[in-house]
Each structure stands twice: as C-alpha cells, then as structure tokens.
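Please examine the sequence and the three-dimensional structure shown below. The paragraphs that follow lead through the helices, the sheet and some individual residues in turn.

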Amino acid sequence: MSADEHIPDELKNLLESNRRWAAETEQRQPGFFTRLAKQQTPRYMWIGCADSRVPANELVGLMPGEMFVHRNVANVVVHSDLNALSTIQFAVEHLKVEHIIVVGHYGCAGVRAAMRGLRVGLADNWLRHVQDVRLRHRKRLEHLSPEQQEDVLCEMNVIEQVGNVALSTVIQDAWARGQKVAVHGWVYGVGDGHLKNLDVTMDRPDTVVEVFANALKRYPRASSLPASPADEIADDADTQFGPGALS
Ligand SMILES: [Zn+2]
C-alpha cells in the first residue's frame, strides 16, 4: 500500500503532478537532477513577498538551482531578523550570489494593511516596519489618491528594504573584502505579470546614500502640508539615511 493513499485527493494530485514534472524535466534535460544534487550555484537571490501570485523562479523563467529565495509577508528585511540575515549570509558568503533582488508587488495585502492601519493579527507587529516607511515618507504620499498611495508605498517599501540589505553587516563585509554583489529593487504587477526595475541598485558602500536619495526624489513631495512633528521625521528620513559611518 502506498503512503499516498492516506492523504486527501487534492494533495494526491499535487504529488502526481510533481512526478510528471520530474519525468518531463529529466526527459528534456537528462541528468538534470543528478547534477543539481551535487551542488547549487545560483547567481541570483530573490527576496520577495510570500503572496501566492508572486512565485519567484516562474516569473523570470529560471529553473531549480538558478535562484536562492527568501520570502515573507511584504518582503521586509529588518536587521534583527535572523531568518532573513542568515539566508542572505549563506547566499553571499557560501553561494557567492552576484545579485540580490528585493521584489515587492502591487496589490500587496501586507502593504495595504499597513497603509490603512488594518489589524490583521500577529502580522501587525511585522507590518509595523512598513508603517514606519509610510510615516517616514508621508510627505511624498499624502497628496496622492488612496490607490496611488498604495502603489507608491509598495515601491517605497522596496527601496527601503534594498537599503536595509545594503546596510546589513553581511553586504557591508562582502563589499569591504572586495566581493562583487549588487542589491536591486523591483516591483511586480500581479495584474499584468510584468516586473519593473525601480532603479535603486546599490553595489558599493560609498554610493548607497546617493542611490537611496535619488530613488526617493522620483516621488514628489506635497509642498502645501502644514508643518508637524511627523513632517520633521519625514524630513530627517530623506536626508539622514543610513549610519553616519557610510556618509
Ligand atoms: Zn505581498
């Protein structure tokens, strides 16, 4: 008796589909799995949202073994997240990936919850990081329509996370020893299947602040908002990105 008999039909279908895929892959590329079993040598790392509509390899036509992937709610990278940092460290120091791509997507439920202040549960604490992005850049957001704000916050969240990856000890150490690794920011349209480059590539420590500031400048600020303590936070965020050691 097969172990598969004890699982629901819908999961049996997944296992059957997997066997077909493995057979077809092996037929197209004989020895594919035997080669991969020996080692992985991906050139790319993808840091994306856990959303089911944004499957990393599939969107860019890459096969198993070609991209190292880390996904979480709203593609956030924070400096206290040992999961993300360990994954980035393994990718950079052991696999020697050359490109780390932070990929957000429009229509992100995590970004929407952060934007509208919706309570979703435990994830509220995680999404606080996205709310912080919103607060820091509120002067570039609040004059837009709610839909535009959401799209722009998806993009700004990517820009911030690219900065967080670039400022991590892993990337700083890699650059300090001369390793070639670049951090990029893209956003994906779940409605059209297209990836957009946000032109926020960081590939050396001395240009991180400039790249960040230039990326943000593309989102005009409203000049008519009255001054408030939150505006000061927003002003500071635009001019004081990153630790002083990098400037
Ligand atoms: Zn999402």
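**A guided reading of the fold**

Helix α7 is mostly covered, with 16 of its 22 residues buried. A residue is called buried if 20 or more other C-beta atoms lie within 10 Å of its own, exposed if 12 or fewer do, and partly exposed in between, the C-beta atoms being placed from the backbone. Helices (H or I, at least four residues) and strands (E, at least two) are DSSP runs, numbered from the N terminus. Helix α7 covers residues 146–167, and at 1.5 Å a residue its 22 residues should span 32 Å; the end C-alpha atoms are 31 Å apart, which agrees. The expected span of a helix is 1.5 Å times one less than its number of residues.

The model is a predicted one, in which local features need pLDDT of at least 70 and side-chain atom pairs count only at pLDDT 80 or more, while totals for chains, interfaces and linings use all residues. Residues are numbered from 1 along each chain as its sequence is written.

The protein chain as a whole contains 10 helices and five strands. Of its 247 residues, 32% are buried. Two residues are in contact if their C-beta atoms, placed from the backbone, lie within 7 Å. Among contacts in the protein chain between residues at least 6 apart in sequence, 69% join residues at least 24 apart.

The sheet comes next. Strands of a sheet pair through backbone hydrogen bonds, either parallel or antiparallel. Here five strands form an open sheet in the order β2-β1-β3-β4-β5, and the pairing is mixed. The edge strands, β2 and β5, each pair on one side only. From one strand to the next, the twist averages 25 degrees. Two strands are taken to pair if DSSP finds at least two bridges between them. Strands β1 and β2 pair in the parallel sense over six bridges, and I47 has H70 in β2 as its bridge partner.

Strand β3 (residues 99–105) runs parallel to β4 and is joined to β4 by seven bridges; the partner of I100 in β4 is V183. Strand β4 (residues 182–188) has six of its seven residues buried, so this strand is largely enclosed by the rest of the structure. Three bridges join β4 to β5 (residues 195–197), and these two strands run antiparallel. The bridge partner of V187 in β5 is K196. Together β4 and β5 form a hairpin with six residues between them, and G193 in the turn has a positive phi of about 80 degrees.

After α4 comes K96, whose phi is positive, near 55 degrees.

The axes of α4 and α8 come within 9 Å and cross at roughly 20 degrees. That makes α4 roughly parallel to α8. The contact is made by L85, I88, Q89 and V92 of α4 and V170, I171 and A174 of α8. Axes are lines fitted to C-alpha atoms, for helices over the stretch in contact, and angles run from 0 to 180 degrees between N-to-C directions. Angles under 35 degrees count as roughly parallel, over 145 as roughly antiparallel, 65 to 115 as roughly perpendicular and the rest as oblique.

Two single residues complete the reading. A113 lies in helix α5 (residues 109–116) and counts as buried, because 21 C-beta neighbours lie inside 10 Å. Not counting residues up to four places away in sequence, A113 touches L118, V120 and L127. W126 belongs to helix α6 (residues 123–136) and counts as partly exposed, with 19 C-beta neighbours inside 10 Å. Leaving aside neighbours within four places in sequence, W126 is in contact with V73 and V76.
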